[in-house]
Amino acid sequence: MTKKIAVLPGDGIGQEIIREALKVLDCLRQIFSVEVETEEALVGGAAYDATGTPLPQETLNLVKEADAVLLGAVGGPRWESLDYSVRPERGLLGLRSELSLFANLRPAILYPQLAEASTLRPEVVAGLDILIVRELTGGIYFGKPRGVRTLDNGERVGLNTLVYSESEIRRIVQVAFETAMKRGRRLCSVDKANVLECTELWREVVVETGRDYPEVELSHMYVDNAAMQLVRAPKQFDVMVTTNMFGDILSDCAAMLTGSIGMLPSASLDEHSKGMYEPIHGSAPDIAGKNIANPLATILSLAMLFRYSFNDAATAARIEQAVNAALDSGVRTADIYSEGSRKVSTSEMGDAVVEALRASA
Ligand code: NAD
């Protein structure tokens, strides 16, 4: 049955990078008979300009009806003075909550060809391939009570609450185990169970859930140690699972091990593996419209879409191998350029991936 992808280019470089991912999709349709249709809609600043809201009802209808969502990026200086409620980023948060996307998957992969791009020594990171599963709709970012209050004595107090129910923990941990089963079958759960009772419960639920996945080697690590290990010896990890805030911090740290924001995809999934796929970077207003942005994070997001929402690991691998082959051929966008390679534009990088895909047929 033909699957449908809702395509939301968004703002800034969003249009340029999504165009390249769509080229790859076209090639998959033509050469490999992949049955997928797409429909575009507005989100973010572009949607605000056209309709007065960053997440129009029409877009919401489309993403709910589609089987998966591919997003470029939202935001930019043009919309920064708007009221918070209609800022482009609200469109993104609205999509996450309307689609109940509680599981955020962020791989940090360092292609051996780009080992020099990392701030860490090449031997520490070359071939790095880890995946962080972050809980996205609960924990301290959403817990109540919250706010800043003034006590009777006039002193102000800021308050946030770390709260997780057993079911919230179980569903994210299940995603992590399932993901580990599709990769290297090793899962490290990150918590602070020595200090925070909430994550003591987290650890208990992880252990309970792990009984259903005897093939997965489970370990636990305190978050402070995990941060240290990520920069000391990151290749020890396969899949990591953690709370919203710990995941926010650790996934940025892991991403930067690879040194190139333009290479990293992400997936946000609901409980039926319907998902929204997007590069981890933003709309890069400083380079928008110049045809120099790196489209590979978006193309790799498309690969994740096939793997996680369409359960089509073969097509996902085909795309990833084409990216690898394009890098092997020596082409580099400006953000990953180093001496000896060939500097190319956004569209030329997309063409190189399509060419590699065709060559693999
Ligand atoms: P950014 O990720 O857009 O850019 C940071 C730096 O990385 C810039 O120098 C940019 O040129 C570069 N960069 C980013 N993507 C690149 C790519 N594909 N190729 C080459 N270089 C790339 O972050 P920012 O500048 O902090 O934010 C810009 C806007 O994006 C803001 O409005 C912010 O709110 C928004 N934003 C959106 C998302 C999202 O849509 N998911 C995420 C982060 C930031």
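**Basis.** I worked on a predicted model, in which local features need pLDDT of at least 70, side-chain atom pairs count only at pLDDT 80 or more, and totals for chains, interfaces and linings use all residues. Residues are numbered from 1 along each chain as its sequence is written, and side-chain values use heavy atoms, with hydrogens and water left out.

**Ligand shell.** I looked up the residues around the ligand and found 20, counting a residue if one of its heavy atoms lies within 4 Å of the molecule. The closest are Glu89, Gly282, Ala284, Asp286 and Asn294. I sorted the shell by class and got 9 nonpolar, 7 polar and 4 charged residues. Here Ala, Val, Leu, Ile, Met, Phe, Trp, Tyr, Cys and Pro count as nonpolar, Asp, Glu, Lys and Arg as charged, and the others, Gly among them, as polar.

I then noted polar contacts (pairs of N or O atoms within 3.5 Å). Glycine 282 places a backbone N or O atom 2.7 Å from a ligand oxygen atom. For aspartate 286, a polar side-chain atom lies 2.8 Å from an oxygen atom of the ligand. Asparagine 294 has a backbone N or O atom 2.9 Å from a ligand nitrogen atom. The ligand taken alone exposes 800 Å², of which the protein buries 68%; the areas come from the Shrake-Rupley method with a 1.4 Å probe.

**Cavity.** I searched a 1 Å grid over the protein atoms alone for sets of points where a 1.4 Å probe fits but cannot get out. The structure holds 1 cavity of 30 Å³ or more, and the largest cavity has a volume of about 40 Å³, taken as the space filled by probe spheres set on the points, which are joined across faces, edges and corners. Its lining residues (an atom within 4 Å of a point) include Arg106, Ile132, Ser251 and Leu264. By class the lining has 7 nonpolar, 1 polar and 1 charged residues.

**Salt bridges.** I counted 18, requiring a side-chain nitrogen of Lys or Arg within 4 Å of a carboxyl oxygen of Asp or Glu. In one of them lysine 4 pairs with glutamate 39, with the closest N and O atoms 2.7 Å apart. This pair links strand 1 (residues 3-10) to strand 2 (residues 36-40), its members being 35 residues apart.

**Backbone.** I found a cis peptide bond from lysine 144 to proline 145, with omega near 5°. Proline 145 sits in the loop between strand 5 (129-135) and strand 6 (147-150). Arginine 185, not a glycine, has a positive phi of about 60°.

Key. A polar contact is a pair of N or O atoms within 3.5 Å; within protein, one must be able to donate a hydrogen and the other to accept it, and residues adjacent in sequence count only if both atoms are side-chain atoms. On a 1 Å grid over the protein atoms alone, a cavity is a set of points where a 1.4 Å probe fits but cannot get out, and a pocket is an open set with protein on both sides within 12 Å along at least five of seven lines; lining residues have an atom within 4 Å of a point. Helices (H or I, at least four residues) and strands (E, at least two) are DSSP runs, numbered from the N terminus.
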